[in-house]
Every structure is written in C-alpha cells, then in structure tokens.
Amino acid sequence: MGQSGRSRHQKRARAQARLRNLEAYAAQPHSFVFTRGSAGRSVRQLSLDVRRVMEPLTATRLQIRKKNSLKDCVAVAGPLGVTHFLILSKTETSVYFKLMRLPGGPTLTFQINKYTLVRDVVSSLRRHRMHEQQFAHPPLLVLNNFGPHGMHVKLMATMFQNLFPSINVHKVNLNTIKRCLLINYNPDSQELDFRHYSIKVVPVGASRGMKKLLQEKFPNMSRLQDISELLATGAGLSESEAEPDGEHNITELPQAIAGRGNMRAQQSAVRLTEIGPRMTLQLIKIQEGVGEGNVLFHSFVHKTEEELQAILAAKEEKLRLKAQRQDQQNQNVQRKREQRETHRKKSLAGMKRARADGDSDAEDPGVPPEAERAGQQEEEDEAEYFRQAVGEEPDEDMFPRVTKRRLHTGPPGKKQRVKERRPNRDRGQDGGRRPLKPKSRPTGVQGKQGHRGTARERSRGRPLKRRA
C-alpha cells in the first residue's frame, strides 16, 4: 500500500501558505462600525448597512452597550488590529457620521444630509443582483473629483483610501472584484455622494440570442423556422432583456473572468447595479486626535490668524507646564530613592560596627527552651537515682530545679487530690438556709413500730448479727 495522507513537504508548504495569508490579513485595515447614543431604528439599520459595505474586513457581529465608552472601544481595538472607527449618531437637528483613524487620529466629522437604506434601494430596482459571494472580498474604491480643492479635501481622500487594502493593478485577480464603492465630491455644494454598486461582466459582440444560449436561458422558438433566425436577429426576445451597451462600459479583458464568454483579450461590458446604501455627506470639521484635540478645519467657524496664534500659545503653555510637573515629580522620586539608599547604607554600617565592638548593652537572649527542658529532665533522673540508692530525699542545694518544681507540684509519684465541694444540703434552691426540723415529733404522728420496737432501739440493747 502507498503512503496515506499528505507528505511532510506538503504539510510544510501548506503551513507556510497559511502563515502568509494570516500575515497578509493582519496587515490590511480593519474597522468597527457602530452607533453612539440614542440613534433610533433607522440610524441603527443604516449602521448595519454600512457595516455590510465594509465586509469582510469589519466586525460583523459587533455589539456596543450603552455603558461602553469610546476609551473602552479604543482599548479593545488595539489587540484586534482595528485601524478605523465608523460611528453614527443622531441629535435633534441632524444625523452625523464620524470617521476615526486609530490610534492617534485624525477624526473627520460629517453631517448626513440624506440617506437611503439598502431595503429601499433594492425595492426600487426592477432586477437587483446581490448575493453572499459578493461580500467575500472588499469592494473596489473609486474616488471622483477629488482635485486640488484644499488640504481638507486631500485629507478626506487619504482617509477613504486607507479604509480599504491597496490594489496592485498588475497582480490583482479580477474575480475578486465583485463590488464597487463610489465616492464623488461636488466642489460647488461641498458634498460627498456615497454609492455602492454590484459589478457584472458580460461578453459583447454576440447577438441577444447567442447571449441567451451562453447563459443557458433557452427562449421560446416555436414560431421560428430555423435556429439561424434566433442567432442572427434575436427574434422572440423582449426589449427588456436587451440591455444597451456602449463605449462607456465596454473594455478588453486582461484576464479571464468567471462567466460564460468572458475570455482573455475579448470585448466585454462592465455593468453596475446599485445595491445600497446611499448617503449624501458634508464635512463639518477635522480634529487631531481620536474624538478630541485641536480643530484643524471647520466648515462654519473661521478664526483669524491672531486667534489661531493665541490658541496655539495657550496649548504650548499647557504642554510646558505639564512637562515641568513631570520633571518635578521625577526629581522627587529620585531624591527619595537616594535618601532610602543612604539610610540603608548607614544602618548596615552601624550593624557591622556593633558586631565588631561586641555590644555589651545588648539583651541576653538566654538559654533556649529546648536546652532548659533537657537539663531539667537530666536533674530529675539524677534525683530519682539518689532516692533509690540512699533511700532519702536529696537536699535542696543538690538539685535546685527539681526542688523548685516539687514546691509547686508536690512530691513525685503522688497525685494531688482535689477536694470537690459538695453542695450544702441545708441550703435551699435560692441560696438561703433551710429551716431546722424540730427534734420532737408532733403529737398524733407516730412512726411505724413493731412489737419489738424500732431498729434503732433494738440496736441499743445488742449488736446486730451480720448475715452469712
């Protein structure tokens, strides 16, 4: 039998390929899309639609609770490799959309003037084209009309480009491009048009009947005399099935694309179908940090050069004071550390000097208790030997420890009797003395006496015999 399973080289190659894929995936930008505050049902649904646009490089099942702050989200985003936050919120006047770059900013704040959900866009189409395979790869980003209109426009274009992985046009696989995200800038109204499309590539140069045969959709040919009529004129097809193509969407394919008739170096038409959502955005302001910081640009508030210089000077003064406090704290920490080290050295020097001089004022710790018990036991053995040999008790000076112990505990071998105190029968339950009974019996009360008298009277005359 041959060797079953994969070889060692195959396993190594697959492991290396898997590692390269993980590294490439980690290098791509990732995002969180969520709402903040009481956004409402429509805005929450809009956030889910935007999350659908950002797939698969986003957290699809992300859940943000009310008690979670923005700092909590930033702390979680670091270990997960998240690079962007897309936050939607709603106020009494309008709906806002924030685009944040982690971890240091900047933050772009947009006002959503108009928006349309996915379900509304799909319901307005006669034939929509949307399936799960389209969301297996990120969309193709197309920026239109982002020309030299200012630094804020250039910063917007850079932020939108960094939302998605970069594409190498010489190595890209056209089968992975199934969607298109179009962002158009209108310099007159200073608004952004956000549109999301599905991409479909179909061959051109063939009749409508041939296209139907290639798509395995066989028309009704009962009225035709010959199949050539279908291939030549496209008879029997409705006008709605014929989609007009022109020079605006016809191109030559550099590589083969999935689909019947889409061969390399052949003419094909690229068709777009909107799948939503739609948004019309207007830039409000740009900040330095994540949700806070110096305002770099504002659409409604314009400050003079003197005001900007004053704000910059105040910020520099604040940073200078902060650095001064940090330096003072570092100096205090270093001074306390040096004081502790000096005190430790002095204490060690004093201990060494006391050991060398033989300090007589030191308290004598005395004999250990184990040695004292051993010596006492030895004296007791000697005293017992003296008693057995001489027959007398030893003098107090001979064994002082044993004599001292006998004074407290008594002579050895004799148990100390503890006399228990019996309760006084003459006392009552309340602690008082009981009244004494009279010696003479009252009149009329006689004891039981036989013809021989009581037992006490009989015992007075003669002694009682003990029964055998």
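Me: Are Phe-34 and Phe-85 buried or exposed?

Reply: A residue counts as buried under 20% relative accessible area, as exposed over 50%, and as partly exposed in between, with a 1.4 Å probe and protein chains only. By this criterion Phe-34 is buried, and Phe-85 is buried too. The model is predicted, so local features need pLDDT of at least 70, side-chain atom pairs count only at pLDDT 80 or more, and totals for chains, interfaces and linings use all residues. Residues are numbered from 1 along each chain as its sequence is written, and side-chain values use heavy atoms, with hydrogens and water left out.

Me: How many aromatic pairs does the structure hold?

Reply: Rings of Phe, Tyr and Trp (its six-membered ring) pair if their centres lie within 6.5 Å; planes under 30 degrees apart are stacked, over 60 edge-to-face, and the rest tilted. The structure holds 5 aromatic pairs. In one of them, the ring centres of Phe-34 and Phe-85 are 5.5 Å apart and the planes stand at 80°, so this pair is edge-to-face. Phe-34 belongs to strand 1 (residues 31–36) and Phe-85 to strand 2 (residues 84–90), so the contact ties together parts 51 residues apart in sequence. Strands (E, at least two residues) are DSSP runs, numbered from the N terminus. Ring pairs also link Phe-32, Phe-34 and Phe-85 into a cluster.

Me: Which charged residue sits over the ring of Phe-135?

Reply: The criterion requires NZ of Lys or CZ of Arg within 6 Å of the ring centre and within 35 degrees of the ring normal. Here the charged end of Arg-52 sits over the Phe-135 ring, 3.9 Å from its centre.

Me: Which strands does strand 7 pair with?

Reply: Two strands pair if DSSP finds at least two bridges between them. Strand 7 (residues 191–203) runs antiparallel to strand 6 (residues 179–186), with 8 bridges; within this pairing, Ile-183 has Phe-194 as its bridge partner. These two strands form a hairpin with 4 residues between them, and Gln-190 in the turn has a positive phi of about 55°. Strand 7 is also antiparallel to strand 9 (residues 267–274), through 7 bridges, where Lys-200 stands opposite Arg-271. A further 4 bridges join strand 7 to strand 10 (residues 278–287), again antiparallel, and Glu-191 stands opposite Gln-282 there.

Me: How many disulfides does the structure hold?

Reply: A disulfide is a covalent bond between the sulfur atoms of two cysteines. The test is a pair of cysteine sulfur atoms within 2.5 Å, and the structure holds 0 disulfides. Cys-73 is buried at 5% relative accessible area, and Cys-180 is buried at 8%.
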